[in-house]
Amino acid sequence: LAKLCGWYVYHTRDSRRSVAGYPDLTCVHLVWGVFWAELKMGQAKPTEAQLDWMARLLAANQRVYLWRPEDWPQIEAVLQGREPQTNL
């Protein structure tokens, strides 16, 4: 959906070879800006390294999301530019 809505999306294929904790998605849109998203399943919690990345991005006034499958309505709204630019 992100690509269909005009987002340029980066997702590391093998996070074991990346910087620890870097968010799962980096998304850039020419109109709606940039955001980062950490993706989780079920009750899984972010690691300390993931929380550190999210905190630093938030401190830099960036949009950061922690999304689970049940967040699909919010995900759609963000990707379609229908949600205010809010953080976690």
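Me: Are tryptophan 7 and phenylalanine 35 buried or exposed?

Reply: Buried means under 20% relative accessible area, exposed over 50%, and partly exposed in between, with a 1.4 Å probe and protein chains only. Tryptophan 7 is buried, as is phenylalanine 35; the relative accessible area of phenylalanine 35 is 0%. Please note that this is a predicted model, in which local features need pLDDT of at least 70 and side-chain atom pairs count only at pLDDT 80 or more, while totals for chains, interfaces and linings use all residues. Residues are numbered from 1 along each chain as its sequence is written, and side-chain values use heavy atoms, with hydrogens and water left out.

Me: How many aromatic pairs does the structure hold?

Reply: A pair of aromatic rings is described by the distance of the centres and the angle of the planes. Rings of Phe, Tyr and Trp (its six-membered ring) pair if their centres lie within 6.5 Å; planes under 30 degrees apart count as stacked, over 60 as edge-to-face and the rest as tilted. The structure holds six such pairs. In one of them, the ring centres of tryptophan 7 and phenylalanine 35 are 4.9 Å apart and the planes stand at 75 degrees, so the pair is edge-to-face. Because tryptophan 7 lies in the segment before β1 (8–11) and phenylalanine 35 in strand β3, this pair ties together parts 28 residues apart in sequence. Helices (H or I, at least four residues) and strands (E, at least two) are DSSP runs, numbered from the N terminus.

Me: What is the geometry of the pair formed by phenylalanine 35 and tyrosine 65?

Reply: Their centres are 5.4 Å apart and their planes at 85 degrees, so this pair is edge-to-face. Phenylalanine 35 belongs to strand β3 and tyrosine 65 to strand β4, so the pair joins parts 30 residues apart in sequence. Tyrosine 65 is buried, with a relative accessible area of 2%. Ring pairs link Trp7, Trp32, Phe35, Tyr65 and Trp67 into a cluster.

Me: Which residues make up the largest nonpolar core?

Reply: A nonpolar core is a set of buried Ala, Val, Leu, Ile, Met, Phe, Trp, Tyr and Cys residues joined through side-chain atoms within 4.5 Å. The largest one has 12 residues: Ala2, Cys5, Trp7, Leu25, Cys27, Phe35, Ala37, Tyr65, Trp67, Ile75, Val78 and Leu79. At least two residues of this core come from each of β2 (25–29), β3, β4 and α2. The largest share, three residues, is supplied by α2.

Me: What covers the buried residues of α2?

Reply: The buried residues of helix α2 (residues 72–79) are Ile75, Ala77, Val78 and Leu79. Their cover includes β3 (33–39) and β4 (63–67).

Conventions. Contact means heavy atoms within 4.5 Å.
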